[in-house]
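Good morning, everyone, and thank you for making the time.

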Amino acid sequence: RGAMAVLGGALTDPTVVFTVGVVLVPLVFVEDGAAAMRYLGTPMMLASLALLALVVGVTHYGGKTVQVGATERRIAFWFLMNGVYFNLFLDVVSGQFQLMD
């Protein structure tokens, strides 16, 4: 499968859609564009995007890949989004370390 097919599948996956919404909803409450850029440009936001890109790159382009069905793909997206964003970014960074204030 090509990169566009993978990207298209990711953009329609319910877990990915939910995660993107959770990450972007704070932008509704910012007062100006500068605050939005500070939020999107925080080191942990950029680090989580880099980690996500690394995992996708290694698992999809890093050698032997296995074709999986829709159910397995949805499970993989759930674990990827849960591990990168909910466990690392929201729980640890925002909750425990309060780095997103």
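I will start with the chain as a whole and then turn to one of its helices.

Please keep in mind throughout that what you see is a predicted model. The chain contains 5 helices and 0 strands, and someone reading along the sequence would therefore write its pattern as α-α-α-α-α. Of the 101 residues in the chain, 24% are buried, and the accessible surface comes to about 6800 Å², with carbon and sulfur atoms contributing 70% of that area. If we take the contacts in the chain with a separation of 6 or more, 70% of them are between residues 24 or more positions apart.

Let me now turn to helix α3, which runs over residues 33-40. At its start, a side-chain oxygen of D32 comes to within 3.3 Å of the backbone nitrogen of A34.

Which residues of α3 are buried? They are A35, A36 and Y39, and because they cover an arc of only 100° around the axis, they lie on the same side of α3. In general, an α-helix has 3.6 residues a turn, so residues three or four places apart point the same way.

And what covers these buried residues of α3? The cover includes α2, residues 14-24, and α4, residues 43-61.

Conventions:
Residues are numbered from 1 along each chain as its sequence is written. This is a predicted model: local features need pLDDT of at least 70, side-chain atom pairs count only at pLDDT 80 or more; totals for chains, interfaces and linings use all residues. Side-chain values use heavy atoms; hydrogens and water are left out. Helices (H or I, at least four residues) and strands (E, at least two) are DSSP runs, numbered from the N terminus. Buried means under 20% relative accessible area, exposed over 50%, partly exposed in between (1.4 Å probe, protein chains only). Contact means heavy atoms within 4.5 Å. Accessible areas come from the Shrake-Rupley method with a 1.4 Å probe; for residues, only the protein chains shown count as cover. The arc is that of the directions from the helix axis to the C-beta atoms. A polar contact is a pair of N or O atoms within 3.5 Å; within protein, one must be able to donate a hydrogen and the other to accept it, and residues adjacent in sequence count only if both atoms are side-chain atoms.
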